[in-house]
Each structure stands twice: as structure tokens, then as C-alpha cells.
Amino acid sequence: MSLATTQSIAEIKARNKELIQEVLRVYPEKTAKRRAKHLNVHEVGKSDCGVKSNLKSIPGVMTIRGCAYAGSKGVVWGPIKDMIHISHGPVGCGQYSWGSRRNYYVGTTGIDSFVTLQFTSDFQEKDIVFGGDKKLVKIIDEIQELFPLNNGITIQSECPIGLIGDDIEAVSRAKSKEYGGKTIVPVRCEGFRGVSQSLGHHIANDAVRDWVFDKVTPESKPTFEPTPYDVAIIGDYNIGGDAWSSRILLEEMGLRVIAQWSGDGSLAELEATPKAKLNVLHCYRSMNYISRHMEEKFGIPWCEYNFFGPSKIVESLRKIAGYFDDKIKEGAERVIAKYQPLVDAVIAKYRPRLEGKSVMLFVGGLRPRHVIGAYEDLGMEVVGTGYEFGHNDDYQRTAQHYVKDGTLIYDDVTGYEFERFVEKIQPDLVGSGIKEKYVFQKMGVPFRQMHSWDYSGPYHGYDGFAIFARDMDMAINSPIWKKTKAPWKEVPKPKLLAAE
Amino acid sequence: MPQSAEHVLDHFELFRGPEYQQMLANKKKMFENPRDPAEVERIREWTKTPEYREKNFAREALTVNPAKACQPLGAVFASVGFEATLPFVHGSQGCVAYYRSHLSRHFKEPSSCVSSSMTEDAAVFGGLNNMIDGLANSYNMYKPKMIAVSTTCMAEVIGDDLNAFIKTSKEKGSVPADFDVPFAHTPAFVGSHVTGYDNALKGILEHFWDGKAGTAAKLERAPNKKINLIGGFDGYTVGNIREIKRIFELMGIHYTILADNSDVFDTPTDGEFRMYDGGTTLEDAANAVHAKATISMQQWCTEKTLPFIADHGQEVVAFNYPVGVSATDEFLMALSRISGKDIPEELARERGRLVDAMADSSAHIHGKKFAIYGDPDLCYGLAAFLLELGAEPIHVLSTNGNKAWEEKMQALFGTSPFGQNCHAYPGRDLWHMRSLLFTEPVDFLIGNTYGKYLERDTGTPLIRIGFPIFDRHHHHRSPVWGYQGGMNVLVKILDKIFDEIDKKTNIAGKTDYSFDIIR
Ligand code: SF4
Ligand code: SF4
């Protein structure tokens, strides 16, 4: 049985507060002061989680965060399949992010689709010294010659670009003109900008606004006839097919999805989105900017939803349907009814195996809160959570709609803190990223990667929920966790905290 | 609705069902503004032609699918090979997230490394404060015995001076004055991860041997009988280093493995997370100056380190990722010559077993054509082994190989009748390789995980040897060096050859012949 369910809330809070004090003791004074602001125990009724966020990471502490380039190339732009995304600068960044994010798509790779190719300008010393604009010009020409079916090009700036004073905007403009108005998008997502991936999302959103939307002329109409039921999926990167298992539900309720941002997306879809009647927004963190822009400029409302786990799916389907007429509202009910037997069967099968198990999370954009409902549908409890690059509006949403009283909150957690927290709280499952996976598995704690779905997925929608439930069961109830101690060394583990 | 609780379909099956296929087809037709399929087909065919190859090879600026990474990755890889050493990369933090992920995805192990998290203000004012705070934090939190500093391209472009920064940090009390903080500048726009390995290793040796950046006396070399060994950047480091140690012990040689990361990338799951494990002790790193000789298993990973060591009066010997019979022979004979110890009968028996296995299976490999890509030394070692097997390494491509590498490869080809039609391609990428495979097809491709895209496009079966290997598990635990390692490589190649024969002969009612039970 999990610790959390056998202790009173007051005890849990006291323990968590003590834990925070304990980890802070390892830091030099100045660092302890800064880190203290990012750690808290959630108090029910508060409007946010009581932590500071979106601040600079502290040097040397082993932050889990990435950079703005990762937020732009890795998250927002990379999945747009019919465009070529140049990792502009030295070879590394593009190499490490090559194909690792599992943004599923369909296309003829290398001919009309390019998601799993690594295009780089592979900067050499002379490019740093003399600037890379000439090279960029040539790269665009070579792309046009060798990949003639590309529908556009983006330039994803790596650290050096902004430091050596290159003018990638001028190059983009000139080349676009030369190639008959071709979409060429310079993105200033150098890794040193901002404090995490987050600013990269914002910069990438702005680049869509300035270099895609602003170029769409009234006469460049979409090729389809608009209907009153047109929506766009915003902020779903189709990891393991998430956007597909979401799209199918929206279509089944009678809506028409005219664009996916950006998983399995295309330039035509980006351009057509201003025709949507509603933007449905999954990852608020990475795409709220463009949603707000479309609201202001084109009057398109947007609506946050959550397709993790049946409770939130039902809530979300109804919420989305609320923007439309009875036909859609009935459609939503029809979808809910259709999948209820699947939901019942999944819960009947897995809930008994997972009931009462505790989870600690540390992930990016929306997942530190969005997946909580799915765990709860399986009878599990999230006892600690935190955002890699959340802002205060994320923590507000988390506090108001998701976490329970006494939950341990850790923003931009450091390797040291996370390890200590898990060691002391001993959750039944940790959900975080590849860098954390093996640390916790070595400790004998079941783990699931909650960025890449540990190479599984989809986890969105009803189809995804079945997979999610199976995966969590597989992680927690794997027989291997009983084998981590050699039998001759087996000693009863001294529980660090009184329980059971 | 295909999904069920009884039989949960995951992405492999789910999206292949009619509901999703229909949905995806509609999406494409209605909203993606797709290209005319005939046009896609035409271009696809065009990319297979010699004409396309010519244009492709005329590329001067664009790189597509390179087989190399950047310097700091190699620096981190080398640094964790020292006892309780925390790699500290000075610059932007995103890079460090990438190195850690990259190494973890290959080894399926934790990868610990910190960043000085420089941001926009540091770009303007320099990263000194980041270094001061960063060293203090790392030292207090992670209790390392040594912090090995390298740089991302941001710190290099703005010109941060590591030597001065570390000195200042010590003055400010970030770490004790006598705490070891070796450093290396590792600009990502020069060389590749193998260069970074070289720079970092040299930085560490320089630190210990040449007076710790002016804070201690330089070591006086007092020659002993030990041999130092440097593995180089190697995806098989776990298996290889252990095999090398076994060989040293069999021969009774006293040795020091420099940058021994074979344990830290292979820690047990037993309830404890070991952030540090094994590694060359700092004492051994310092004492390595006294060794009789240093052997590098990878010339191109030690281009600066070896001359540095030679300058300290040692003999240095470099190999090119020795795989197979002759390369291992040469390696052992060099050990024997330097140490004065005989090669024990046990190793001779192992040699005989490898030769035996090669003889048994030679008929299946002889005359087969291969393409290889990877790091320069790896390419050389594998090509040499293939020549030994009577196979032809037709295309050997190394994105981080240079002119000198090309010459050395061509010289190797010249030594064998099987090398007559073989070519080395320095500085080329996997999109070049694609053209080579279409215009001059081979039977098999040897490379890392990214070779699977080439396999899909060209139909050339991929044998996974190299770095990174993300989509197969645990191969890095077995050696490819030594006679036993040669055996592992042989079996890997043979398995693929036999699988392919079976795959081509398994259509019931059509090819009932050739689907043999004995091969
Ligand atoms: S920014 Fe530079 S150092 Fe960092 S990953 Fe990219 S190429 Fe390598
Ligand atoms: S969860 Fe994170 S990484 Fe994932 S899409 Fe959202 S912002 Fe991005």
C-alpha cells in the first residue's frame, strides 16, 4: 500500500515540508535561498502551487531542462512534415534531436516528407569567424535542387547564430523572393535565449505568426469548402500517434479537423487554420501564444482540453461540444456512450492491480497536470509533481483543477532533489524523462518515460487510455522489481517514514 | 472500434486498422495539399539515379544525416571514465540535456553531467559567474572527486577563458584550491565527438602531469613497467574495456586504463543508484606518466593526446579499432614486445577458435559486398576484418574522417585483392551514402541505428555496429575487440546473412527450394 493513503494529510504535509528542508541543506546558502522558492507543499484552496517558475536554472545543479532550440525545432516546428527544418549552426543540436521525439507522420520520407531527416549547416570555424549567411544561401539552393518537393524551409538557430551577428531574416526574405514567394521561416531560437524550452515555443509561435500567417493572402484560400464544424487541433505533437487517437474522436462526434499542430502537420494545415471555428488546445504551454493570436486577429475562440483518461476525455468532449450546436452535442454523447464499454473493461482489468498505487511526476508542458486524471481513473494517486519549464499559469491550472492537498511540488527539479524525494517518499511509480529513467530503475523504482511514452503510445483518447493502463500495470507489476536484491543480501528495508 | 482491454493494440497495430487508415487518407486528401503521387514517384525514382548522385556529391554547404556528433559529447564520455568525476559543460544548458539523453539512449544507463546554464546575460557579460556558482553547487551537491570542464559552442563563441575562470572560482572558494578541475576547450564547430574525447583526455592528463594549471609541481617521470591503454570514443566501451583488462591480466601486464568508463555505463540494478562507479583513479591518472608506453586503440581519437604523452618520454602506439585476426595479432604482439611478456597459450587458443569459425563460415561471406559508415577508426577496423573474411568493403564513409584517413583507408584497400573496388569517402554524410547504395548496390550495410532509414529506402540489410545504437539492446555489453570480440562481430554479420537468405526463400508454394535447414 502506498504511504500516502495510509497517512493523514497533516502527516504528509509535515513530512513533505521536512523533506524540502532536508534537500535544501545540501546547497550553498545562496543557492538554497533560490531553490527554496521552487519547492512547496500544496495547500488546498490556494490559487496556485506556491512556487516560483520560469526562472533561470542554477548553474551546476543538474537541471533537467533543455533550451529554446529544443522548444522550437524539437517541439513546435520539427513535426511539420512537408517542410525542411535546418538546424543552423554546428552539428550537435540537430544530431541529438534527430528522430528521437517520435512525432509520427505519414509521407514519403526524403521526397515529400522530412521529419526524420537531419538537415544541418554543420558550422565550421570559418563560418563562425566570417559568418554563416553565405553558407545559408547555398544551403537553401542545394535543398531546392535536391529536395524539390519540399513545401517550405525553416531555419532553426543554434547558439552561435545570434552571437556572430548573422542576418538570417534577410537571407530568408531574399531567398523567398527568388523562389517565387516560397515559405522560408527564420527562427531565432538560439539555445541561450530564455531559461528553458519554453521561450523556444513562444519564438516558434511568433515565427508562424510573422512568416506564415502574415503571408497568407485573402486569395490563397484553403482548397476545401469551410463548414461550421471545422476545428484545429493545437499543441498535439502526435507522439506515438497521440493526435490521431484524438482526431478520431473529434471526427466521430461530427467535427471536422482541418489542421494538426504540429504532429503529422503540414504547411497547408498551418495556413488553413485561420478558417477554423474553434481551436482546441492540448498543450497549453507550447501553443497558447498562437491560439491567443488567432483569437485576437481572426476571432477564433480556443478551448483547452485534456484527452488523458476517460474522466477528462468525457469532460473535454462535452466542453468542446459546448461551442457547437445540438448535432455536435449529441455526437459527443454518442462517442462517450460508444467507448464506455471499452473504458469499463480497461478499468475492470487494470484498476484492481493499480488501486492505491502512488506516482511522482516530473515532465514538460502539460503532462505534470494533464495525466493526473488518467492515473486517478485507475485508482492511483499522484503524490508529487513538477514542471520542467512551466509558468505560473500552469501552476494555477494545476492547483485549481488537479492536485490534492499535500502534494509535493517541485519546479525545475534538480537531479539531487528528485532522487532524494523519490528515495524518501518511495512512490510505486515515477514518470519522467530518459535522463531520469535509469536513475530510478537502478533504485528499484518502476518508471515510465512520460515524454516519449517509453516508445509506446498513443496515450491520448480512448484507444490511448487502454495502452496507458496496460503500460502502467506492466511497469509497476513487473516481476523484475522483486529481484533487485540478491536473496542472500535481503534485509528488511528500513522504512524511512513510518507507515503501513 | 479495434481497441480492447483484452488485447490492447499499441501503435504497431492500432493505426494499421481500417478506421485509422481511412482517417489518415482523408486527412491527406482534404487538408495536406498533397503532391501528385505520380510526381512523388518520379522524384523518388530520380533520387536513385547517377544523375542525382552527381548533384548530391556536388553539395558544398548542406549536410543531411551526418554520422557524427559534436565535441562536448566526446568530452563527457571521456570524463566519466575517471573515478567519481562529474563532467561540467560550460555554456548553454540545452546541450547537456542532449548529451545525457544521447548517452542514456545508447547505453540504457544514467548519464550524469552538469551545465553552467549560461543565458542571454552571460552571452553579453561572459560566463564567469556561472562558473563560480556552478562549481560551488556541483561540488556541494554531488560530492565529486574531480570536476572535468568542457565547453559548448556558446562559451567558445564568446571566448570564455576556462583556465582563468577556474582560477578565479577557486579564489572565490567555489571549490578547495587543491581540488582537481581539469578543463578542455571543446568547440563544436571544430572536428567531432572524437576530437572532444581527445581534447578532454589530454586536458585531464595535462592537469595531473604538468602541474595542475600552475598550482603544483610538474611530475617527474620515473619510468616503470606499466602500460597505459586508451579506448577512445567507443559505443562498445563496456564490453571492450573489460575484454582488454582480461587480456592484460592473462598476459600478466601491469596496466592503467585511461578514461575507463566501462563500469559507469554498466551499473547493476540492485536498489542503489551509483552516480559514479569505477573509473581510472586520480592517482592512477597521475601515475600514468611513469608508464613505459601508452597504447591508443583509436588513432583519430587521440591525435593530440598521444603526441602529448610521447613528449613526456613514453613510447606511444596507435591502432585503428582493431577487429579480427590480424589486427588483434598486432595488438597482442605490441603488448608482448613492450612488456616483454609472452602471449599466453590461452590467447593462442582463442585465436585458433576465431580462425576456425571464420573458416567454417567463410563460404557465406566470401565475395559479399559491404558498405560501412561510422567513426574513422571503427570504419578502418571493420573494413580490415571484412577483407580478412574475403568480403569487399565497397563503400567506407566517415563524416568525421579527413584526408589523411582517406589515404590510410585507400592504402588498406591496396593491401588486399578484395579491396580493389573499394573506396573511402571522408566528410560525407548518409544522404551521400544513399546515392552510393542506389547507384552501386552492395549486399549489406554496417552502421548505427540511423542506418535503418537507408535500409528502408534502399533495401540494403543493416548490420548494426557503431554508435549510437538506440533500437537494439545490450550489444554494447559484448566486446568487439580481442579474438572473442572478433567472434561476436562475425556472428552478428552471419546472423544477418542467414536471416536474409531465409527471408528471400520463405514463400510457401513458390520458393520451397533453398529454404534449407542446414546452412
Ligand atoms: S549548441 Fe553547440 S555544443 Fe551545444 S549541442 Fe549544439 S553544437 Fe553541440
Ligand atoms: S508535454 Fe512538453 S514537451 Fe511535450 S508537448 Fe507539451 S510542452 Fe512540449
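**Chains A and B and the ligand between them**

Q: In this predicted model, which residue of chain B forms a salt bridge with A:Lys442?
A: A salt bridge here requires a side-chain nitrogen of Lys or Arg within 4 Å of a carboxyl oxygen of Asp or Glu. For A:Lys442 the closest N and O atoms of the pair are 2.9 Å apart, and the partner in chain B is B:Glu109.

Q: How many salt bridges does the rule find across the interface of chain B and chain A?
A: Polar contacts between chain B and chain A, taken with both residues at pLDDT 80 or more, amount to 46 residue pairs. The side of chain B that touches chain A divides into 51 nonpolar, 27 polar and 25 charged residues, and its largest share, 10 residues, comes from α6(B). For salt bridges across this interface, the count is 11.

Q: What area do chain B and chain A bury between them?
A: The contact involves 103 residues of chain B and 118 residues of chain A. Of the area buried between the two chains, 63% is on carbon and sulfur atoms, and B:Phe31, B:Tyr98 and B:Phe189 supply 8% of what chain B buries against chain A, more than any other three residues. The total is about 9,400 Å².

Q: Which element gives the most to the shell around ligand 1?
A: Ligand 1 lies between chains A and B, and the elements that give two or more residues to its shell are α5 (92–96) of chain A and α6 (93–107) of chain B. By class, that shell has 9 nonpolar, 2 polar and no charged residues. The element that gives the most, with 3 residues, is α5(A).

Key:
Residues numbered from 1 in each chain as written. Chains lettered and ligands numbered in written order. Predicted model: local features only at pLDDT ≥ 70, side-chain atom pairs only at ≥ 80, totals over all residues. Heavy atoms only, no water. Near = heavy atom within 4 Å. Helix = DSSP H or I, 4+ residues; strand = E, 2+ residues; numbered from the N terminus. Nonpolar A, V, L, I, M, F, W, Y, C, P; charged D, E, K, R; others polar. Contact = heavy atoms within 4.5 Å. Buried area = accessible area lost by both parts, 1.4 Å probe. Polar contact = N/O pair within 3.5 Å; in protein donor to acceptor, adjacent residues only side chain to side chain.
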